[in-house]
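Subject: Structure for your review

Dear colleague,

Please find the structure below, followed by an account of what was found in it. I would be grateful if you could read the two side by side.

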Amino acid sequence: MAIAEMPLVSSTPLDIVELRHKRRESALMQLAVAARRLGVVRDVDALVALLARRERLGTTALGKGVALPHARSIAVVRPFWIVGRSPKGIEWGAPDGEPVQLAVLYLAHHEQSPATHVLRLATAAQALRQQRTRQRLLSVDAVAALPLLQGGGS
Amino acid sequence: MIEVRPVIELHDLDQLLLLATDEGSVDGLRRIGYTLVGTLALVREREKLAAGLDRRWLGWYERSLGRYGRGLTLVRDRVCQGCFVTLPTSAAPPPGEGHLHLCENCGRLLYWT
């Protein structure tokens, strides 16, 4: 396998959170608090502020019930994925108007280059385009979710 | 002592603006499917954040940003992650707290936790 073809998400751990909120801001807050609980972030308020600013750059909802919020921050201790699930859906300003059932937060250290950051997001987005992947992510545990997010295991 | 969070927020916002203005990154983000609406609102937020900072610390931040491409650098195990010089024990923050420090070797503004 060529280096460029190697899965890019595999070395980054993942956790799953059941989202209780119906608003995007509250859901992002819940994901950030989960990151703090997991020891992934030093300053939860700084992360929440950054996630809100990222949404002001344009919604992170991609359509088909998926949002892919992301942060590259000095407050992040180590790279991490947090999959937030909301079977009822959250209004996220998606281009197709559909509520978001899967909010997949990617946290990266600030030293990660913009190019690498975009590449990590692209890998996850590609996996999330598959309906089967999205459906399985709504029910599997964190161990099973990681290979799904890297485009395998389906 | 200066509050650390506004400086962290300024740093992270600058890195977000870098991502949002880099041609290759913007192209990549659009190919992923993101809708980007422009950076004007974020640039205004940056101005507000910067205006609220102590001028002396802002000057050090801006100097680090201009010289090294980022305004804030981490300290790990008492080592400046910009120039890798070991910092004096006496300058370390109390456990569990973060503070800002100026590296006497390279002049980078440091976030020390």
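From the N terminus on, the elements of chain B follow the order α-α-α-α-β-β-β-β, which amounts to four helices and four strands. Please bear in mind that this is a predicted model. The C-alpha trace of chain B spans about 50 × 30 × 25 Å along its principal axes. Of the 113 residues in chain B, 28% are buried. Where contacts in chain B join residues at least 6 apart in sequence, 53% of them link residues at least 24 apart.

**The sheet of chain B**

The strands of chain B form an open sheet of four, in the order β2-β1-β4-β3, and the pairing is mixed. Because β2 (79-80) and β3 of chain B stand at the edges with a single partner strand each, one side of each has no neighbour in the sheet.

Strand β1 (residues 73-76) of chain B runs antiparallel to β2(B), and two bridges join them. Within that pairing, R76(B) has V79(B) as its bridge partner in β2(B). The hairpin of β1(B) and β2(B) has two residues between the strands, and D77(B) takes a positive phi near 50° there. With β4(B), β1(B) runs parallel, joined by three bridges; here the bridge partner of V75(B) is W112(B).

**Helix α4 of chain B**

Helix α4 (residues 55-68) of chain B has 14 residues, which at 1.5 Å a residue should span 20 Å; its end C-alpha atoms are 19 Å apart, in agreement with that value. The buried residues of α4(B) are L58(B), W60(B), Y61(B) and S64(B). Seen down the axis of α4(B), these buried residues fall within an arc of 160°, so they line one face of the helix. On the other side of α4(B), the exposed residues are R55(B), R56(B), G59(B) and G66(B). The cover over the buried residues of α4(B) includes α1 (5-21), α3 (40-51), β3 (99-102) and β4 (109-112) of chain B. Just after α4(B) comes G69(B), with a positive phi of about 90°.

**Where chain B touches chain A**

How many residues of chain B are in contact with chain A? There are 31 residues of chain B in contact with 28 residues of chain A. On the side of chain B that touches chain A, the elements that give two or more residues are α1, α2 (23-32) and α3 of chain B. The most come from α1(B), which gives eleven residues. By type, the residues on this side of chain B divide into 16 nonpolar, ten polar and five charged.

**Chain A: helix α1**

The residues buried in α1(A) are R24(A), A27(A), L28(A), L31(A), A32(A), A34(A) and A35(A). Viewed down the axis of α1(A), the buried residues lie within an arc of 155°, so they line one face of the helix. Among the elements that cover the buried residues of α1(A) are β1, α2 (44-56), β5 and β6 of chain A. After α1(A) comes G39(A), whose phi is positive, near 75°.

Strand β1 (residues 14-18) of chain A pairs with strand β5 (residues 80-90) of chain A in the parallel sense, over five bridges. One bridge in this pair has R85(A) in β5(A) as the partner of E18(A). β5(A) also pairs with strand β6 (residues 100-109) of chain A, in the antiparallel sense and over seven bridges. In β6(A), L105(A) is the bridge partner of I82(A).

The largest nonpolar core has 73 residues, of which L31(A), A35(A), L47(A), A103(A), V104(A) and L107(A) touch the most other members. β6(A) gives the most to this core, with eight residues. As for L47(A), leaving aside its neighbours within four places in sequence, it is in contact with A32(A), A35(A), V41(A), A71(A), S73(A) and A75(A).

Yours sincerely

Note on methods:
Residues numbered from 1 in each chain as written. Chains lettered and ligands numbered in written order. Predicted model: local features only at pLDDT ≥ 70, side-chain atom pairs only at ≥ 80, totals over all residues. Pairing = 2+ DSSP bridges. Expected span 1.5 Å × (residues − 1). Buried ≥ 20, exposed ≤ 12 C-beta atoms within 10 Å, placed from the backbone. Arc of directions from axis to C-beta. Contact = placed C-beta atoms within 7 Å. Nonpolar A, V, L, I, M, F, W, Y, C, P; charged D, E, K, R; others polar. Core = buried A, V, L, I, M, F, W, Y, C linked by C-beta atoms within 7 Å.
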